[in-house]
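Here is a short tour of one protein chain, written for someone new to reading structures. Have a look at the sequence and the 3D view, and then let us walk through them together.

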Amino acid sequence: MILQRIFAVSLLVVCMALAVMAWPYQAPFSYEPVGPRAFPLLVLGLMGVALLYLAIRPTPVTRSEDEPELDSATLTKVIACFALLLVFAAAFEPLGFILSSILIGVPMARLYGGRWLTSALVAGAMSVLLYWLFDRVMDVPLPLGLLAALEN
């Protein structure tokens, strides 16, 4: 339980540092009534309250019989997911939302047992559908990257 307290306190310090960094943020334009600063501060505040609770009253860690063990195969999947998310973050601006989503969607589906054709079809369809949903329905602009020539 001491490891939970150390983890909670260290993440609480990170949350406070991020809140200090987010506090002075002002966007030159705002299409929200509360501004762009409210969301990160709200998330960090809720996370801070939960971490404070965890630091004061840690829960005993018990593993039930139906939970899988944390073996090397599971750790490999976790590391691969993390690496794919880093690739997505790096490719988001230059490639655009659709291509970067397909780029990480197919390997992510394959990582969890999907077939090549099914993974490619689902990742492609979800990428296009999510782009349309954000861009047309919710009016949130996403980068098109290499596909920008197809827009008009």
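Helix α5 supplies the largest share of the lining of the largest pocket, with 6 residues. Keep in mind as you explore that this is a predicted model. The pocket itself has a volume of about 180 Å³.

Which helices each give at least two residues to this lining? They are α4 (97–111) and α5 (116–137).

What kinds of residues make up the lining, by class? The table gives the counts.

| Class of lining residue | Count |
|---|---|
| Nonpolar | 7 residues |
| Polar | 4 residues |
| Charged | no residues |

Now zoom out to the whole chain.

Next, turn to another pair of helices, α1 (residues 2–22) and α2 (residues 38–56). Their axes come within 9 Å and cross at roughly 160°. Angles over 145 degrees count as roughly antiparallel, and therefore α1 is roughly antiparallel to α2. As for handedness, α1 passes α2 in a left-handed crossing.

Conventions:
Residues are numbered from 1 along each chain as its sequence is written. This is a predicted model: local features need pLDDT of at least 70, side-chain atom pairs count only at pLDDT 80 or more; totals for chains, interfaces and linings use all residues. Side-chain values use heavy atoms; hydrogens and water are left out. On a 1 Å grid over the protein atoms alone, a cavity is a set of points where a 1.4 Å probe fits but cannot get out, and a pocket is an open set with protein on both sides within 12 Å along at least five of seven lines; lining residues have an atom within 4 Å of a point. Grid points are joined across faces, edges and corners, and a volume is the space filled by probe spheres set on the points. Helices (H or I, at least four residues) and strands (E, at least two) are DSSP runs, numbered from the N terminus. Ala, Val, Leu, Ile, Met, Phe, Trp, Tyr, Cys and Pro count as nonpolar, Asp, Glu, Lys and Arg as charged, and the others, Gly among them, as polar. Axes are lines fitted to C-alpha atoms, for helices over the stretch in contact, and angles run from 0 to 180 degrees between N-to-C directions. Angles under 35 degrees count as roughly parallel, over 145 as roughly antiparallel, 65 to 115 as roughly perpendicular and the rest as oblique. A crossing is left-handed if the near helix is turned anticlockwise from the far one by less than a right angle, and right-handed if clockwise.
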